[in-house]
Amino acid sequence: MRIVIIGAGEVGYHIASRLALEKKDVLVVDKDPEAIRRVAESIDVQTIVGTGSSPEILLEAGIREAEIVLAVTDSDEANLVACLVVDILSPSTKKLARIRSADFDAYYSSFRENSPHIETVINPEIEVVKTIERLMRVPGAVDMGEFADGRIKFVGVYLTEKDRLAGARLSDLPGMLEDKRLLIAAVVRDEEVIIPKGNDQLLAGDLVYFISEEEQLLATLSLFDKHAQPIKRVLIVGGGRIGYRLATKLESQSIYCKVIEKDARRCTFLADKLNKAVVLHGDGSDQGLLSEENVADIDVVVTLTNDEETNILASLLATRLGAGKAITKISKFSYFPLVTAIGIEQVVSTRLSAINTILQHIRRGKVLSAISLKGEQAEALEVVALESSRIVSKPLAQVAFPKGAMVAGIIREEKIIIPTGESVIEPGDRVIIFAKRAAIDGIEKLLAVKLEYF
Amino acid sequence: MHWRYMLYVVGILVLSFGMTMLVPLPACLAYQDGGTQALLLSLGITIVAGTCLLLAFRKARAATITQREGMAIVAVGWTAVGIFGALPFYLSGDSWTIVDAVFESVSGFTTTGASVLADIEALPKGLLLWRSFIQWLGGMGIIVLSIAILPFLGVGGMQLYKAEVPSPVPDKLKPRIRDTAVILWKVYALFTVAEVILLMIGQMSFFDALCHAMTTMPTGGFSTQNASVAQFDSLYFEIVIMLFMVLAGINFSLHYQLMRGKPLAFWKDPECRFYLAAIAIFTALVSWDCFGAVYATAGQALRYASFQVISIITTTGYATYDYEQWPAFSQMILLACMIIGGSAGSTGGGMKCLRIMLCFKFCYQELFAMVHPHAVTTIKLGGKTVPDDVMRSILGFLALYMGLFGISAVLLAATGVDILTAIGAVAATIGNIGPGFGMVGPVENFAAIPAMGKWLLIWCMLLGRLEIYTLIILLVPAFYRR
């Protein structure tokens, strides 16, 4: 499968490295020789220096043989033009473009139906706002995804020493929980993803991922001693595009909301556009301002400025001053392991959101959705089991799964089944598979080759 | 720097290389003329050594291979393979000294083709095949072969590939490095098979055809005959071998393009045009110079001149005539050919046409800037601007190449050989050609060089094959600092 990536920024770079590890043929185009060199030196992909919207460069990149093209440069316009040129050169290539400006929000379907026929517009800002909303509502969750159109949630929570599950073995769980069900899919310990088996222990400090039906979610979370508290007050630090989007959303849900923004002109704009929200002019990491605005009474602080250091500091400061919890936007992937260490648990990233959305579309066909786990070492996939597949009609214990992959759940009609070695997947079931990065290639083969007779 | 991981990879290389010692065994068994025991013993020693390294460092892991480690793996890997490849020679008889065996082996791997043997035909057939086979392995590169075959090298493969492939800017033909390596080896193997068939059509024995094809394509130059290709005295063989020498000296990515249906690939590439033009012009000059003085007819002059010019400029080193009998002008042209060499990305040695072309362009640009002090100029090749850092690395290469050439020639003279031999032997080894001038001319061999001199020339051959940087970097103190 040949994939052309236009733009070797942070998103392009990470998508390329993910796909290269999965043994796909990847070509990266960027006009900056420095960015291209960074890619060429560390990732096993082909690189071309040039403008991604130039027909000559695209032909050189073999666009006609490419299945998918991803336009992820920093400029919306450049991405649109690149897709337009691809549409002329090679109409059958699937086009994905990142478009961030809110001006285009209403035109996504037009882009799909008319030229340039962009299959999916990726707006990471919309995705991030969705993630923030989800994280706000689910107490204690640090990572969250959805399957089966949102009916099934997939949630990561940290286990603390006080929790009753700390120290429990997986095989003991049914006894401890009486009639409640808990489906633990993966555990992240010391930055390693573990797919736990019956004998494995849960330890304090683990990031535990479980799967739950939507209605059961709060009950399941109470097993981890995380209890839902209604959210009434939200403080947003940084009134940029994401902050503005979030504030509008919260306003429509009648949640009291304050926005702190450093730039006076932007404040005027926000005050003009927002009706109920309080717009404050100042610095989010200013302790005086935070106490003045009574941050101790705030349920959730969301830090969304473009400067990650400010976000980290403002979040730390706010929780120290007594805020309920803080959600921090961070873009640099290298910061992720660091921020957990200093006590920032709930992190969102536009880039990670963009990558998740893109992966979902690359895996599409057999795969309904794909979600990367924190630190992107593993993925959760939701797939439909077709009749001809090797995974159906026999006990799971007999299916040759690649190492580092497991079936975490089977969705049959409206039910979720927690699989055992004897469970049998029936054709038409939706299956949730957890797989470490190294196993994804194998999983795709297991599903793809047999499923659709390529 | 992950030393342990580096040694682990080298262990795997040595182990896999040990397996290839099975290749000449059929010839040993078929001809029953000795060498079987030496080969089997070497195979055992190499496999045991490789396994020991592998087991000793099996726990070493590195997330990726950096450029520094890539160079170290290639440099140490080549040295190790050169030494283990010498075992079959050393163990085959008492007449072999250690330095001779290592010289013969490294001369094979680096595709130099310089020999210490006076009587090649006396060697058992199995060892003759081994000599040709190691040239074949070294031509496209043992590391490139390993990348193609061993899947675990894929991740850091680009760093290894860059350190081994003889080109200032290696081409990546396919998005994945492993696919690129597979394609290069396929093209290489295809040409080799084609040459075997063409030689056999001309009634050459299968054994000789195989050995010559395996030393033509890597531009190596080991022959199974004492008098090299001259022994056959056949115009047909000479034409076939010339054709494949010329092909081997062309960038292999052009062959790939040609096979993918781009018939003008050779013509569109400026380096290839330069290379073909150089062959044509030098052949014409040498024929003109030798016609009358050495050869009675123009046809004869053209036949010997073209073979020798091609053989030297592609750095193969086969001989059909003792060119030391030629006039001085023709000999100087051959010396120039030795320094120029083949194309970048080919199996040829020397400095490579691409670097020579770019140096000319650079000099012209400097002169132009003196006439127009305010002019903004860039160096272009085939319509594309050459980045400054590439240009800088080429100029650095030129300086290092010439500097090392000079120092090595002085050191070789210190071992007691004459001036012509010192210059000729260093030119022939650092350019991976084979025959030089003086005591090491096309009808002599390297046996008479003193032992110290041979070690020096072994070093020169490795320098030439790994294009200086990869090997010389091991001598830079900063390389070892944490």
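This is a predicted model: local features need pLDDT of at least 70, side-chain atom pairs count only at pLDDT 80 or more; totals for chains, interfaces and linings use all residues.
View 1. A compact globule with 454 residues would have a radius of gyration near 22 Å, and the value for chain A is 23 Å, which agrees. Of the 454 residues in this chain, 46% count as buried. Where contacts in chain A have a separation of 6 or more, 61% of them are accounted for by residues 24 or more positions apart.

**View 2. The domains of chain A.** The domain assignment divides chain A into domain 1 (2-122), domain 2 (128-223), domain 3 (233-348) and domain 4 (353-452). For domain 1 of chain A and domain 2 of chain A, the C-alpha centres lie 36 Å apart.

**View 3. The overall form of chain B.** The secondary structure of chain B comprises 22 helices and 2 strands, and the C-alpha trace of this chain spans about 65 × 55 × 50 Å along its principal axes. For 482 residues, a compact globule would have a radius of gyration near 23 Å, and chain B, with 22 Å, agrees with that expectation. Buried residues make up 52% of the 482 residues of chain B, and among its contacts between residues at least 6 apart in sequence, 71% join residues at least 24 apart.

**View 4. The largest nonpolar core and the surroundings of Val426(B).** In soluble globular proteins, nonpolar side chains tend to be buried together. The largest nonpolar core here has 141 residues, of which Val74(B), Val81(B), Val144(B), Val309(B), Cys337(B) and Val426(B) touch the most other members. When neighbours within four places in sequence are left aside, Val426(B) is in contact with Phe405(B), Ser408(B), Ala409(B), Leu412(B) and Cys460(B). Another core, of 136 residues, lies apart from the largest one, and among its members are Ile3(A), Val295(A), Ile411(A) and Val431(A).

**View 5. The contact between chain A and chain B.** To this contact chain B brings 11 residues, while chain A brings 8 residues. The side of chain B that touches chain A has, by class, 5 nonpolar, 3 polar and 3 charged residues.

Conventions:
Residues are numbered from 1 along each chain as its sequence is written. Chains are lettered from A and ligands numbered from 1 in the order in which they are written. Two residues are in contact if their C-beta atoms, placed from the backbone, lie within 7 Å. Ala, Val, Leu, Ile, Met, Phe, Trp, Tyr, Cys and Pro count as nonpolar, Asp, Glu, Lys and Arg as charged, and the others, Gly among them, as polar. A nonpolar core is a set of buried Ala, Val, Leu, Ile, Met, Phe, Trp, Tyr and Cys residues joined through C-beta atoms within 7 Å. A residue is buried if 20 or more other C-beta atoms lie within 10 Å of its own, exposed if 12 or fewer, and partly exposed in between; C-beta atoms are placed from the backbone. Domain bounds come from an automatic or database domain assignment. The radius of gyration is taken over C-alpha atoms; the globule rule is 2.2 Å times the number of residues to the power 0.38. Helices (H or I, at least four residues) and strands (E, at least two) are DSSP runs, numbered from the N terminus.
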